[in-house]
Amino acid sequence: CSKTEQNLDTDNQRKHQNTTSSTTQTAIVASEETVTPITKATKSKPQPAASSKRQPLRIIIAGAPASGKGTQCERIIQHHNIVHLSTGDMLRAAVTAGTSVGKSAKEYMDAGKLVPDDVIIGVIQDRLKEQDCQEMGWLLDGFPRTQTQAQALLDAGILPDCFLLLNVPDELLIERVVGRRTDPVTNKIYHLKFAPPDPDDEELLARLVQRSDDTEKKVKVRLEQFHANLAAVKGSYADVCVEVDGARSPDVIAKEIDVEIRKRID
């Protein structure tokens with residue numbers, strides 16, 4: 001071949017290579033443009049996170065006189081930030097507020113009579129409808145005490161997530177009650193054995209008083225009443241009842257109660 005023909009052949013080969021390269025690049029681009037929209041179209045959309053908000057806790061705590069309910073109520077409130085409710089406090093608040101059930105309660109209280117169950121249930125119902133109980137949950141302390149009261153709560157739709165029962169032997173309960181002394185100035189409660197006052201503070205020791213119903217004779221009557229109603233009340237909450245050994249230290253009891261409550265949160 002002549003040089004001219006060779007040059008022509010070389011030029012043709014370069015054109016062919018350029019054309020092939022251009023075609024290949026176009027195909028690649030076209031392929032990428034085709035794939036990208038499909039990938040975007042089929043990409044799954046993020047799903048909204050499931051709500052982690054739990055329902056407010058509803059707890060009833062029960063136990064005989066001096067079983068340690070007050071101490072454990074303080075721990076529960078501190079750990080779980082729920083509203084502490086006692087019938088005495090609710091009755092006084094309803095009377096002060098002048099609600100319809102408060103007025104009914106006042107008539108019985110002024111006459112020195114026991115407030116009937118239906119009035120107490122009405123007071124509790126009104127209190128549980130308030131915003132703090134609805135949003136934070138509640139701890140009902142020492143009520144119900146009888147099967148009639150328990151059934152009235154159930155009929156009113158007041159159902160706890162957990163019914164805590166502190167079990168303490170009667171002998172220890174009597175010892176706890178009889179040894180209690182109150183400082184009328186500070187309202188602080190001491191115990192001659194378990195939480196004694198400062199033995200060197202003669203002024204404090206001189207003013208300590210014993211409640212009139214903190215005698216062995218009277219506490220035995222209260223314990224008889226408690227035991228007479230206990231089985232029926234427990235039966236009303238059999239599915240959510242948690243019995244706790246209340247004869248141990250307050251810290252140990254509090255830890256066990258906290259575990260049981262968290263089971264109902266989780």
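Biologist: Hi! Are F163 and Y237 buried or exposed?
Modeller: In this predicted model, F163 is buried, and so is Y237.

Biologist: How many aromatic pairs does a search of the whole structure find?
Modeller: The search turns up 1 aromatic pair. F163 and Y237 make it, and their rings are stacked, at 4.9 Å centre to centre with 10 degrees between the planes.

Biologist: Nice. Which parts does that pair tie together?
Modeller: F163 sits in strand β4 (residues 162-167) and Y237 in the loop between α10 (216-236) and β7 (241-245), so the pair joins parts 74 residues apart in sequence.

Biologist: Switching to charges, how many salt bridges are there in the whole structure?
Modeller: The search finds 20 salt bridges. Among them is D89 with R92, whose closest N and O atoms are 2.8 Å apart. These two are 3 residues apart in helix α3 (residues 87-97), about one helical turn.

Biologist: And what does K106 pair with?
Modeller: K106 bridges to D110, with the closest N and O atoms 2.6 Å apart. Both belong to helix α4 (residues 100-110), 4 residues apart. K106 is partly exposed at 39% relative accessibility, while D110 counts as exposed at 57%.

Biologist: Where does E175 come in, and what is its salt-bridge partner?
Modeller: The side chain of E175 meets that of K193 in a salt bridge, 2.9 Å from N to O. That pair links distant parts of the chain: E175 is in helix α8 (residues 170-178) and K193 in the loop between β6 (189-191) and α9 (202-207), 18 residues apart.

Biologist: Which residues are joined into one network by shared partners?
Modeller: R180, R211, D213, D214 and R222 are, through salt bridges that share partners.

Definitions and conventions:
Residues numbered from 1 in each chain as written. Predicted model: local features only at pLDDT ≥ 70, side-chain atom pairs only at ≥ 80, totals over all residues. Heavy atoms only, no water. Phe/Tyr/Trp six-rings, centres within 6.5 Å; stacked < 30°, edge-to-face > 60°. Buried < 20%, exposed > 50% of the residue type's maximum accessible area, 1.4 Å probe, protein only. Salt bridge = Lys/Arg side-chain N within 4 Å of Asp/Glu carboxyl O.
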